[in-house]
Amino acid sequence: MEQFDAVIIGSGYGGAIPAARLAEAGMRVLLLERGQRWTTSDLMQSDDPRYIAKVIDLVVTRAGVAFRTGSMVGGASVPMDGAHFRAPQKSFDVRAGDGRPYWPEGLSRNALDPYYERVERMLRVRQFAWSEIPKAGGLFAKMLDAAGASCDRARLNYTDCKHCGFCAQGCVFDKKMSMLHTYLPLAELHGAEIRPGCLVDHVEPERTGYVVRYTRAGSPVEVWGQRVFIAGGGVHTPALLLRSKRYLPHLSSRVGEEFNNNGEHGFIGILPPEFDDLSRYSCFMGSENSAMMSFHFFESNGFTLHPGGGLEPSILAASLAATDDPLVPKRAWGLEYKRFVEAVYPHRLIAFSTLGLADGHRAITIDSAGAPNVTERDRTSYDAYLDRVDALLADVSTKSGVKLLPVVPRKLSGTTSAHLLSACRMADAPERGVVDANGHVFGHENLYVCDASAVPYALGVNPALTISAVAERTAERVVERG
Amino acid sequence: MHSMRRLRSRTGKIQVSRREFFDLLAVASAAFAAARCDPSMGVAVTLPESEGGDELPVGLESLGGAPNTHQGRTIAAFCDVVVPGKKRDPSGAPGAVDVGAPAIFFDHALPAAEYVGLVAFLLDAAAKDHFDGQRFADIKPEEREEALNLALKDDSPLEFAVQLAKVAFFSGEKVFAYLGYPGPNDGYIAHPDFTFGVAMAREITKDGNYP
């Protein structure tokens, strides 16, 4: 059996970063990735569902919930919109029902700042200038300004974005500093091996490390790692731990619980004709994240507003909620609906999501075949969060004149979220979470979780930078331990 | 395989069990999210294909790539109701059938194909209930609208089929041209209408990070 100092499962932010740092420190590192290794020339500017299904791994569960994760070497850092924010201190202060903070002691904005800075340098994260803000972002800001609210320019990991609008497909212009351009080459430079097409079934302890059993091209393979990092993302990591449960007797019973979609709930805004010279606005022009972010409601109500951009017509295939507004037809189909679409696309549409400090309302479980599944949990608190959002956005709508419609009905909120947090969350003790503040799985020496699932609670901002900063910190601790 | 009997509640009205409904939703979510929109929609359950005449449903000029079977004709008639095509739209703008949306329902690269039978079954049931036992493809377009409207009450899985038809419609290149969406491009950064280029709102952070 091949032996490594570290076997890392998953090559997104959570896997690529420790791979680079451990390899740099002289360790023999193997990085296993389920997806294939793509190059920029494989990427396309395409809305074809068949292409999208290749780039984005759509985890569709028996419970009828679909999650988006990365499905290639580089993970979700490749098909994403580039937003990289530090989590505000308020996100670290949120307390659970028992009155104790979700984040373990010692982790705060200040404590993570050096790691945030390290990642920002690697990914070349920067705030965009107003001259780089597409009109979709400008009109979103204008809507908030009309309602007396603030709106800031976002921070993104693009060098010089061309604003083609195809970010979630992977950047065909090589402008996004994903793992493919940063940590993965660094890992390889220091001798790490990246092995794509490897589907890990489970891990089990052997001597002071773990055997990782996986299939590649249909054949079973096993490797041994002195240390194992599970970084398969917010859905696959808890599923892998649950499949490994019988070999990991001390595993916390919290695996899969607390799953959190970061309070993500989408809206479409329909601009009134007098809002601006809308004949000179086209919603498809610009990056998919139209490079703005509103923190206006964050201090008071714990949510941000994060606009979309580069809007293709299929944004209108979403089910618009019923409204009394005469502009929106009662039925979202038929001739009347067709006239509505013609009236609003492409000059009168904006889109945005809330991201917020909201409780989760689902748990990740596995089915009898070991595939990820979802179990609905109590959603009273999540619904109360959506009530707050609705009330405040109704006010924005009244003051700005922009008609705001939820993209999906409430019961489906978060079902295609890309922010898949907390299912193996960090905590101070195993009865409250799965890993400690250093990402170390409670009760199982040398086993780590290092991805979105370790983030202990919703952040209210895009989580990529925090996942990365925590990964830098986890890797640093492991290197220090030797 | 699910029997017709399982699909009927005690009252005789068409009803899908909760589990089947979730199956529908899963398929729906898949197709929907794959199109990079938010979800909903569905379809499920393979039902035996029945024979029918080979004439086009009333009001349609083609089947939009669907097979010339009863299910194919039903799905095409359904898509034409969701987004009416040039034959029924006075503006002449393309509809779901014109852009080939029905074919997506039968595309085995996507997960909807095996669920087409249920959609056709539910549509036929709605038509039979309200239009003297006729099948959905055989009634007039206005009657189909009414049948679909009635069938869509009470959280019907057909809601999700409507979304699938819309996803298929909006993914069509002919729709891009009709709505003025250019698709692939070299980037708009240099376009004269790309940006306002000035501050559009008050900012509260120093550098885009909230403290």
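Within S2(A), Val29(A) is the bridge partner of Ala6(A). Strand S2 of chain A covers residues 29-32, with Val29(A) and Leu31(A) pointing one way and Leu30(A) and Leu32(A) the other way, and all are buried, that is, under 20% relative accessible area, as against exposed at over 50% and partly exposed in between, for a 1.4 Å probe and protein chains only. In a regular strand the side chains alternate between the two faces of the sheet.

Strand S1 (residues 2-9) of chain A is also joined to strand S11 (residues 219-230) of chain A, by seven bridges, and these two strands run parallel; Ile9(A) has Ile230(A) as its bridge partner in S11(A). A parallel pairing over three bridges links S11(A) to strand S19 (residues 447-449) of chain A, in which Tyr448(A) is the bridge partner of Phe229(A).

An open sheet of four strands in chain A has the order S14-S15-S12-S18, with antiparallel pairing. Its edge strands, each pairing on one side only, are S14 (303-307) and S18 (403-406) of chain A, and the twist averages 30° from one strand to the next. Strand S12 (residues 265-270) of chain A meets S18(A) in an antiparallel pairing over four bridges, in which Pro406(A) of S18(A) is the bridge partner of Phe267(A).

Helix H10 (residues 380-400) of chain A lies across S12, S14, S15 (349-356) and S18 of chain A, and runs at about 145° to S15(A); axes are lines fitted to C-alpha atoms, for helices over the stretch in contact, and angles run from 0 to 180 degrees between N-to-C directions.

## Helices of chain B

Chain B has seven helices and zero strands. Buried residues make up 56% of its 211 residues, and among its contacts (heavy atoms within 4.5 Å) with a separation of 6 or more, 56% come from residues 24 or more positions apart.

Helix H4 (residues 116-130) and helix H5 (residues 141-151) of chain B have axes that come within 9 Å and cross at roughly 110°, and H4(B) and H5(B) are therefore roughly perpendicular to each other, a class that spans 65 to 115 degrees, with angles under 35 degrees counted as roughly parallel, over 145 as roughly antiparallel and the rest as oblique. The contact is made by Leu123(B), Ala126(B), Ala127(B) and His130(B) of H4(B) together with Ala147(B), Leu148(B), Leu150(B) and Ala151(B) of H5(B). By class, this contact has seven nonpolar, one polar and no charged residues, where Ala, Val, Leu, Ile, Met, Phe, Trp, Tyr, Cys and Pro count as nonpolar, Asp, Glu, Lys and Arg as charged, and the others, Gly among them, as polar.

Helix H2 (residues 70-82) of chain B packs on H5(B) at an angle of about 85°, with the axes 10 Å apart, so H2(B) and H5(B) are likewise roughly perpendicular. Here Ala77(B), Phe78(B), Val81(B) and Val82(B) in H2(B) meet Arg144(B), Glu145(B) and Leu148(B) in H5(B), a contact with five nonpolar, no polar and two charged residues.

Leu316(A) touches residues of both chains, including Tyr337(A), Phe340(A), Leu349(A), Lys166(B) and Phe170(B), when residues up to four places away in sequence are not counted.

## Basis of the values

Residues are numbered from 1 along each chain as its sequence is written, while chains are lettered from A and ligands numbered from 1 in the order in which they are written. Local features of this predicted model need pLDDT of at least 70 and side-chain atom pairs count only at pLDDT 80 or more, whereas totals for chains, interfaces and linings use all residues, and side-chain values use heavy atoms, with hydrogens and water left out.

Terms used: Two strands pair if DSSP finds at least two bridges between them.
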